[in-house]
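Here is a short briefing to read with the model open beside you.

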Amino acid sequence: MRLLLAAPHSGAGKTTVSLALLLALRARGLRVQPFKVGPDYLDPTHLEKAAGRKPYNLDGFFLDETGLLALFRHGARGADFALIEGVMGLFDGKDPRGEVGSTAQVARLLKAPVALVVDAKGMAGSIAPLAQGFRDFHPGVRVVGVFANRVGSERHAEILKEALKAVGLPLLGWLPQDPALELPERHLGLVLAGEVAPPLEALRRAFRVDLEEVLRLAATAPPLPEAGPFLPPKRPPRARVAYAWDRAFAFYYPEALELLEALGAELVPFSPLEDETLPKAHALLLGGGYPELFAERLSANLALREAIRRFPGPIVAECGGYMYLSQGLWVGERFFPMVGLVPGEARMAERPVLGYREVEALRDSPVARKGQAFKGHEFHYARLPASPSPAWRRLGGEEVEGYTDGRVLASFVHLYLPARLEGAERLLALASRGGVLS
């Protein structure tokens, strides 16, 4: 069984309803596997809290149909029910029609029934034409029902239900308008589940759902085509890879970490906030996160900054990790020295840089040979000055970005390594032979 939750627009309550539905399905005794459409690191932390299982990202820009089906099957192993939370609005994606990188694309590829999550505050009968329009817009996207968020009362819910009945769509469930059910946001997205506990108990009590109808509709999903394994055959351990993992750095695609393990990596977490020494390792990963929120503590950890400066093996730093490797980070008018392995000082800006990226390597690095292309995603408020040794050129333009000296790769682009296995293979090969490029 599978069901995809979408919405007309961002902020309608997809994550909130997803959490409530995950809890209801688990209370029914079902093993539920959550997925998140798009390159999102934040919502999955909340989905994992509710589901008790690690979510996976499904993205039609990163992966072709075969790869996406393989990842879906990989993630859904052993589950009774797959719940897929969409991204932005149902037809919002890389292009204006939502053909690529959208929730609609994933719904089509997975042949998943879609339930529309509607913010019903201030809405009554208008919910019907809204839902009808989404249902009828694309023949390959099957909208089968509606969840209403921020409902004013039981009577309000009845009005919404009657209105939807007129266009042949059921109201599958609803949540009341209650600030206690809302998740705080930061930078156009939710805060991490580790920073604030999602209101699971309040959602469990408040959610009104026709679970029998949800299960019936999820069971109408047709069988999917066969797909090969998502990961390559497991290889013997050959390199220890230490990766930053704490409140400041936590942005990694789980399937990318699993890929490294399949290729022979022994993954070892460490905390730039808490640890004064690095674990024994052949390579370092510094993922994205919020170093600007912990700049003082990161800067004060002189021992670990020095240990990273002296680390002899390959280092890959993305976004927040790039900022951490810089000469320092400005937060307002305060300057905090950082590791100092890459040139430039990071400053926070008011407007974000965001979007999908296809980039070409300008020179050899720990994951790419010169001329190789990779897919990734950017979303950051920080800025760093132009590098004297940029790592990437954006395909289709002349814009360059990041830094590499062959051993260190630092960039604002979050690479999606499962889309090009050679990158992960190159990193581990380099680590296993002591960081020597060839």
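A salt bridge here is a side-chain nitrogen of Lys or Arg within 4 Å of a carboxyl oxygen of Asp or Glu. By that rule, the structure holds 23 salt bridges. This is a predicted model, so local features need pLDDT of at least 70 and side-chain atom pairs count only at pLDDT 80 or more, while totals for chains, interfaces and linings use all residues. Residues are numbered from 1 along each chain as its sequence is written, and side-chain values use heavy atoms, with hydrogens and water left out.

- The chain is divided into domain 1 (2–220) and domain 2 (239–434), with bounds that come from an automatic or database domain assignment.
- Taken over C-alpha atoms, the centres of domain 1 and domain 2 are separated by 32 Å.
- On the domain 1 side, 22 residues are in contact with 23 residues of domain 2, where contact means heavy atoms within 4.5 Å.
- The size of an interface is often given as the accessible area lost when the parts come together.
- Between domain 1 and domain 2, the buried area is about 2,200 Å², and carbon and sulfur atoms give 67% of it; buried area is the accessible area (1.4 Å probe) that two parts lose on being put together, summed over both.
- How many salt bridges are there between domain 1 and domain 2? The count is one.
- Lys54 and Glu258 meet through their side chains in a salt bridge, at 2.8 Å from N to O.
- Six residue pairs are in polar contact between domain 1 and domain 2, both residues being at pLDDT 80 or more. A polar contact is a pair of N or O atoms within 3.5 Å; within protein, one must be able to donate a hydrogen and the other to accept it, and residues adjacent in sequence count only if both atoms are side-chain atoms.
- Strand 3 (56–58) and helix 3 (65–76) each supply at least two residues of the side of domain 1 that touches domain 2. Helices (H or I, at least four residues) and strands (E, at least two) are DSSP runs, numbered from the N terminus.
- That side of domain 1 divides into twelve nonpolar, five polar and five charged residues. Ala, Val, Leu, Ile, Met, Phe, Trp, Tyr, Cys and Pro count as nonpolar, Asp, Glu, Lys and Arg as charged, and the others, Gly among them, as polar.

**Salt bridges to find in the viewer**

- Asp80 and Arg31 form a salt bridge between their side chains, 3.0 Å from N to O.
- This pair links distant parts of the chain, 49 residues apart: Asp80 is in the loop between helix 3 and strand 4 (81–85), and Arg31 is in the loop between helix 1 (14–27) and strand 2 (32–37).
- Asp80 is partly exposed, with a relative accessible area of 27%, and Arg31 is also partly exposed, at 47%. Buried means under 20% relative accessible area, exposed over 50%, and partly exposed in between (1.4 Å probe, protein chains only).
- Glu378 pairs with Arg357 in a salt bridge whose closest N and O atoms are 2.6 Å apart.
- Here strand 20 holds Glu378 and strand 19 (residues 345–361) holds Arg357, 21 residues apart.
- Are Glu378 and Arg357 buried or exposed? Both are buried.
- Arg393 and Glu360 form a salt bridge with closest N and O atoms 2.3 Å apart.
- Arg393 sits in strand 21 and Glu360 in strand 19, 33 residues apart.
- Lys36, Asp40, Asp43 and Glu85 are linked in a network of salt bridges.

**A buried serine**

- Ser389 is in the loop between strand 20 (373–383) and strand 21 (392–394).
- Ser389 is buried, with a relative accessible area of 17%.
- A polar atom of the Ser389 side chain lies 2.6 Å from the backbone oxygen of Thr404.
- Not counting residues up to four places away in sequence, Ser389 touches Arg363, Gly402, Tyr403 and Thr404.

**Positive phi**

- Most residues other than glycine have a negative phi.
- Lys111 has a positive phi, near 50 degrees, and lies in the loop between helix 4 (103–110) and strand 5 (114–119).
- Lys111 is partly exposed, with a relative accessible area of 35%.
- Arg150, in strand 6 (residues 143–151), has a positive phi of about 55 degrees.
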